[in-house]
Amino acid sequence: MIKTSKIFILISLPWIAAGINFSMESKHSIADDENRRGDFQNPKTRGEIIGYEAIAIEDALWEEPKIAEKGENWTFDLFTSPTITREGDKFLATWPWLKERQITINFDVISIEKKVYPLQFGGYFSAPTVEGIPWVDGGYVFMLRDGNTRKTMTVKLGQKIGSHGVEVRNFKEKGPNGEIVSYPQLTLFDSKINREIILTPMLQYYDGLWDIKLRSKVDNGEILLSHGGENFSVGEEIYTLENINLKEKSLEFSQKMGKDNYTFFRSIGDGEKADPPDNKGKNLIK
């Protein structure tokens, strides 16, 4: 009987130890749950966490923002695709602003002349009289040559010429002191350009308008330009006429390449006279 009891006790010890261990773990688990519930019910304040010393915002040091290498106002070009070339078994991409300057001139200059006004003063005469009655209300009759039709017409003061949009307004046979140089003068008002034009026996030109002829190297077509600042295209290239030097028969053009404008000069029968790279974008008409 005693041996049986001893055996029973030895067998029961592991079970008793396991029960005690389970009981201790359960107590710890319950205690942790209570502690966590206590934290939610009684949250700690920020002062209890970090102490009573606080850093004022004005005491914090803020670093100056870094400026991009290309400048603070530089922006990325998201629309101009790179130029992709192949060298052997490799492909190379070059961004537009990194490409070397390569001005393409697809035209030649044929002629540079000031634009002639379409009406020229051909002379005048006193209105004739028939049996003492003056013709066309007396005064003078003026002759105008039409450069478009190659015909001559007669007009009088106050008359309007609808085909040209002009009105004959004034006539001076001599100057205030009897000058005859650059006289007589016939004044017209041109409604197309909203200004007066004074015609003399000398050939009359427009102010600021030109007859400039170029010839395309792409299709051999003729290109007509009339004033500075005018844009035109040849093939895929776009150019702007910037300045006109009548004395030297020379024209200044600009061509936009990427983000920059490059200027170059062309004269009648001359080859390319491009600016050096450090002159890009300079001396342009604003």
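Glu196 is partly exposed, at 43% relative accessibility; partly exposed covers the range between buried (under 20% relative accessible area) and exposed (over 50%), computed with a 1.4 Å probe on protein chains only. The model is predicted, so local features need pLDDT of at least 70 and side-chain atom pairs count only at pLDDT 80 or more, while totals for chains, interfaces and linings use all residues. Residues are numbered from 1 along each chain as its sequence is written, and side-chain values use heavy atoms, with hydrogens and water left out.

The side chain of Glu196 meets that of Arg169 in a salt bridge, at 3.7 Å from N to O. The term stands for a side-chain nitrogen of Lys or Arg within 4 Å of a carboxyl oxygen of Asp or Glu. This pair links distant parts of the chain, with Glu196 in strand β12 (residues 195-199) and Arg169 in strand β10 (residues 166-172), 27 residues apart. Strands are DSSP runs (E, at least two residues), numbered from the N terminus. Arg169 is also partly exposed, with a relative accessible area of 41%.

The structure holds seven salt bridges. Among them are these:

| Salt bridge | Closest N and O atoms |
|---|---|
| Arg266 with Asp108 | 2.7 Å |
| Lys115 with Asp211 | 3.6 Å |

Side chains of opposite charge can pair when their charged atoms come close.

Arg266 forms its salt bridge with Asp108. Because Arg266 lies in strand β18 (residues 260-267) and Asp108 in strand β3 (residues 107-116), the pair ties together parts that are 158 residues apart in sequence. Arg266 counts as buried, at 4% relative accessibility, whereas Asp108 is partly exposed at 32%. Both residues belong to a network of salt bridges that also takes in Lys217.

Strand β3 also holds Lys115, which pairs with Asp211 of strand β13 (residues 205-216), 96 residues away. Lys115 is partly exposed, with a relative accessible area of 27%, and Asp211 is partly exposed as well, at 32%.

A further residue of interest is Gln120, placed in strand β4 (residues 119-126). At 7% relative accessibility, Gln120 counts as buried. A polar atom of the Gln120 side chain lies 2.9 Å from the backbone nitrogen of Gln204. Apart from neighbours within four places in sequence, Gln120 is in contact (heavy atoms within 4.5 Å) with several residues. They are Met143, Leu144, Arg145, Leu199, Met202, Leu203 and Gln204.

Note on methods
Helix = DSSP H or I, 4+ residues; strand = E, 2+ residues; numbered from the N terminus. Polar contact = N/O pair within 3.5 Å; in protein donor to acceptor, adjacent residues only side chain to side chain.
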